[in-house]
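Hello,

Here is the structure we spoke about, with my notes below it. Please look it over before you read on.

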Amino acid sequence: MSLQKSLDAVLERAADAGDVPGVVAVLTDREKTLYEGAFGKRRLGSPDAMTVDTVGLIASMTKAITSLAAMQLVEQGRLDLDSPASRWLPDLGKLEVLEGFDAQGRPRTRAPRRPITLKHLLTHTAGFGYEFLSETVQKIKAATGIPAFTSSEYASLQMPLLFDPGERFEYGINTDWAGLLVQQASGMKLGDYLAQHVLDPLGMKDTAIVIRPDMRKRLASIHARSGDGSLTPIELELPQQPETEMGGQALYGTAPDYLAFVRMLLNRGQGPNGRVLRPETVEQMSINQIGALDVPTFRSANGALFNDLPMPADNPQKWSLAFLVNSKPMPTGRPAGSLMWAGICNSYYWIDPTHGIGGVYLTQILPFADVKALPLFFEFESTVYQNLR
């Protein structure tokens, strides 16, 4: 069976079975798109079919784009990885490390042992967390009234650190701060910087923080998975006039747009309209940058948003300056040293420099690591590698 027919069969079967409301998946090599497929509905109960150009909240897939923007500014000498980031954002230098809680339940803090750097932020080792992954963060927010991360308020970033910078990996609001560094160093709003220096040069015309009317016509609804396995459309949208443009979560976009980003990385920073990043910077962004630390299993602290995401015990997972990096081959066929990450609404991508291929997969389901959508992504990936043999 051809690659097209094999992948169509995988995705169509899942959509027809109701495992996902709708799904888009695309595949590229270094030169061209190898596969595009879309099945199911943008919203259950609606006649609108999922199409390849369907727009979705790509959420944490924003992180790699913001990280690349920061590294462009590092190349230009306007940021650097190892200086105290408070040089550009003094508020970062005011944040302290949580030591515990007092009798009234309020956080007790102390000065950090070392300053936060851009490298800490890009590697998720600065000390920040997310409330959906940390009951401690929930307790801090309940005691202090710090807004939820989804509010896009600057105050939502004013969090005590959970540990001293550099001491462990904790997935959190780090890249939102990196986005503020991009703004400060460039003198531009984050969305404007990304559009001018990343999205437009790569032809990513349907990726933006603010959903244009023509994008909204193609917007898929987010669906919630209930305990009985059923899916229900929900009304959930990030603020469209955000106080702070969040570099860790703010983008809406399409799977083909993100595939253009993947293809540029496969080409070591070369885009269709010129170079976006130097080859040596892409290399720097593609290797383990957390040393002996490992990315641990993600434990949910909010079942409505996130399921546990186990990390394979026999395959240490590392973090680069933008991506999860697998130390050994994955069961899907993805070789060691490949890159991947995801968005909370069950969108996923991978980049395989060894074979020169990469894929993007888009659904709109909560919680993350959905019991049907995540296995379907892995089946899509496995089918790609089976067809490469």
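With a relative accessibility of 1%, tyrosine 258 counts as buried, because the cut-off for buried is under 20%. Keep in mind that this is a predicted model.

Tyrosine 258 sits in helix H8, which covers residues 255–266. A polar atom of the tyrosine 258 side chain lies 2.7 Å from the backbone oxygen of methionine 61. Which residues does tyrosine 258 contact, leaving aside its neighbours within four places in sequence? They are Ile58, Met61, Ala64, Ile65, Met204, Tyr349 and Val360. Alanine 148 is 110 residues from tyrosine 258 along the chain, and their C-alpha atoms are separated by 27 Å.

**Helices H2 and H6**

Ile65 also turns up in the next contact, on the H2 side. Helix H2 spans residues 62–75. Helix H6 spans residues 190–199. The two pack at an angle of about 80°, and their axes are 10 Å apart. H2 and H6 are therefore roughly perpendicular to each other. From H2, the contact uses Ile65, Thr66, Leu68, Ala69, Gln72 and Leu73. From H6, it uses Leu190, Tyr193, Leu194, His197, Val198 and Leu199.

**Glutamate 75**

Glutamate 75 also lies in H2. Is glutamate 75 buried or exposed? It is buried, yet it has no salt bridge. The nearest side chain of opposite charge belongs to arginine 278, 4.0 Å away.

What does the side chain of glutamate 75 reach at 2.8 Å? The backbone nitrogen of arginine 278. The glutamate 75 side chain also makes a polar contact with the side chain of threonine 281, at 2.5 Å. Not counting residues up to four places away in sequence, glutamate 75 touches Leu277, Arg278 and Thr281.

**Glycine 40**

One more residue to look at. Glycine 40 is in strand E2, residues 33–40. Its relative accessibility is 28%, so glycine 40 counts as partly exposed. Leaving aside neighbours within four places in sequence, glycine 40 is in contact with Ala15, Pro21, Gly22, Ala49 and Met50. Lysine 372 is 332 residues from glycine 40 along the chain. The C-alpha atoms of the two are separated by 14 Å.

Best wishes

Terms used: Residues numbered from 1 in each chain as written. Predicted model: local features only at pLDDT ≥ 70, side-chain atom pairs only at ≥ 80, totals over all residues. Heavy atoms only, no water. Helix = DSSP H or I, 4+ residues; strand = E, 2+ residues; numbered from the N terminus. Buried < 20%, exposed > 50% of the residue type's maximum accessible area, 1.4 Å probe, protein only. Lys, Arg positive; Asp, Glu negative; His and termini not counted. Polar contact = N/O pair within 3.5 Å; in protein donor to acceptor, adjacent residues only side chain to side chain. Contact = heavy atoms within 4.5 Å. Axes fitted to C-alpha atoms, helices over the stretch in contact; angles between N-to-C directions. Parallel < 35°, antiparallel > 145°, perpendicular 65-115°, else oblique.
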